[in-house]
Amino acid sequence: MRVPLDRHAVRSLPDAASVERHDAAVFDLRARRDGAMAELPELEALRHHAASIKAHTLDHLERYLRLFERRALQAGAQVHWAAEARDHNRIVHELLARRGVSRVVKSKSMLTEDCGLNPYLEARGIDVVDSDLGERIVQLADERPSHLVVPAVHRRREEIGDLFHERMGIPAGESDPARLTEYARRDLRPRFLAAQAGLTGVNFAIAETGSLVLCTNEGNADLGMSLPPLHIACMGIEKIIPTLDDLAVFLRLLARSATGQPITAYTSLLTGPRPGAELHIVVVDDGRSRLLADSRHRGALACIRCGACLNTCPVYRHAGGHAWGRAVSGPIGSVLAPALGTDREARQLPLASTLCGSCTAVCPVRIDLHDQLLHWRSEVAPPSGLERLGLHLLAEVLRRPRLYRGLKTLACAAWPLLRRRWPGNPLGAWLRGRELPEWPRPSPQEPTSGPPRAPEPSP
Amino acid sequence: MSVRDRILARVHRTSAGRVHHPGVFRPPAMDGELWSRFVTSLDRVGGEWLGPLDPERLAPSVRELCQRRGAGRVVGLPDVQERLGEGPWRDVPAGATPHSLAGVNVTIAVGLLGVAESAAVAVRVSSRVEHAALVLCEHLVVLLERALIVPELHTASARVASLVQPSRALLWLSGPSKTADIEQTLVLGAHGARTLTVVGLDPPRDPTAQRAGA
């Protein structure tokens, strides 16, 4: 079956050079992750602990959601609940419209990307400025983020220079990352100061204190939550963790898994609004409770959006994030899409995987990603009657050594004929470009003459 | 039934309530002197450090550091004046807005705790003005007593628990603002402070010990 990933991949990374550059860039993040993890002797214990906390939380999610809401309300925040993406967008718009807000700064939030919040607000006359540098680049280019952590990783510095020249009026031909960053800083600072509201995502929500935790390296979320008097934080129901002690486990894993840093440059714990400000927390379901009810796949809700599975995935590295056609790409995107998405393409994404298991090996919360992909495959594309018959026959043959040897001899004899192109050859397309490997002599199944030889003594 | 109740009811139906919480994570003991571990980590995250300094050398060193960071407004967050005495640093004026801090060159804050393995420093933020002062400035200086450095975040969590209070924020700062969003090239000073310097403080000398030494 041809999967939609192929078609999008060509558009995202159009030539071999861009594929190679993208591959090197994201695998560099994987290498940094490996280096940081190697310095952590308790890494496996920490991963197990994180996975256990998430499993416990998902199993008691209703209790923790209620506790979080109670504590957040006690701290002075207002909590809103959204069943679907459209409810989320409507709630955010109403909060802004009631206060006459027309200028908003937003920090990185995959949930709001998934909900299509930016176009929703822009269609209603609200200017939304994405403030994370990578997000700002893709916003100016009118495209989606292609990575959870580095949204513009598919873009070359020269392209970004051209984009800034066109959209921000910087001198033509600029491609130095430090100078481009400085231009973006100068362009965005007045927008922060002029913003009437700050929109943020949430990395973790602590039930026992009602606190929100936001992690950034740039400090953009901190500007967005301190300058304007209105802060709207949007979170999925799965962002809850029980305690402050639990937070330490996830903070030690998040940045290490993402970029190889020990912790992000800014980690802010916000408990209720500060004097003179409003804090609104929008808690979103949008299919998550449906996924929670699916015992085989609910583990995907443990994801902390570090992007480690993307950086190691051979399909992601070569196809690029736009190939997924949605905010969350890579292995976790392929696992979440069929559960949360309703379109046909979402259900086909698990087919675009090598099932190598590298994603599972690096996941900080030990989500069994490749097993989930395999499971989705069996649901999305169950084997046909012919495939099932073939597998049944193969099993019968493998049970009978004499039949197996006979068929092997027959296949070797027929091989030259089978490979040849002749009309009606059922294996023609499959066999083209394939070679029958040289048969070992003697075959491992045939008895060797005499006892096995002793190993040569070492000198 | 409200949307909230419908969501909670759907979630409730999925809860078996059988998976236990694993408890508090117990990390292995960390070897080595914590200040040196801290500054090694700080160096790796792009931060700078001074000290640890005796109380007598503190104010002159911070004054010199502010001069090195160039001319401009210097803001001291709560407790800074108390620690440093007179100098170019000024308290945030009463009634100031977060926006009035745009253009601040140096902000000085007092760290509540430091974490050796990540060079993270905890700073308590009681208002949007204090929060903005920490991010809008060009250069950030955090004063941190050497004795307040703990090995890792698990130990730190227990110590900062009492500081997580309503209407407050707690910031962990680890190095200056940074980005690698353009071709993975690390650039310091994306939106927030371009430099972060942690000034280590030694406790005041014990006068009785001084007399004994004399």
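Predicted model: local features only at pLDDT ≥ 70, side-chain atom pairs only at ≥ 80, totals over all residues.

I start in β4(A), where A:V105 has A:G198 as its bridge partner. That contact belongs to the parallel pairing of β2(A) and β4(A), which spans three bridges. I count strands as paired if DSSP finds at least two bridges between them. Strands (E, at least two residues) and helices (H or I, at least four) are DSSP runs, numbered from the N terminus.

Residues are numbered from 1 along each chain as its sequence is written, chains are lettered from A and ligands numbered from 1 in the order in which they are written, and side-chain values use heavy atoms, with hydrogens and water left out.

Entry: I find A:G198 opposite A:H231 in β7(A). Four bridges join β4 (residues 197–200) to β7 (residues 230–236) in chain A, and the two strands run parallel.

**Entry: the whole sheet.** I read the chain A order as β1-β10-β7-β4-β2-β3, six strands in an open, parallel sheet. β1 (78–82) and β3 (127–130) stand at the edges with a single partner strand each, so one side of each has no neighbour in the sheet. Neighbouring strands are turned by 20° against each other on average, direction ignored. Helix α8 (residues 133–140) of chain A packs on this sheet, touching β2 (103–106) and β3, and makes about 130° with β3(A). Contact means heavy atoms within 4.5 Å. Angles run from 0 to 180 degrees between N-to-C directions of axes fitted to C-alpha atoms, for helices over the stretch in contact.

Entry: I trace eight strands in an open, mixed sheet: β8(A)-β5(A)-β6(A)-β9(A)-β9(B)-β6(B)-β5(B)-β8(B). β8 (240–241) of chain A and β8 (149–150) of chain B are at the edges, each with a single partner strand, so one side of each lacks a neighbour in the sheet. In chain B, β5 (residues 113–115) runs parallel to β8(B), joined by two bridges. B:V115 has B:V150 as its bridge partner there.
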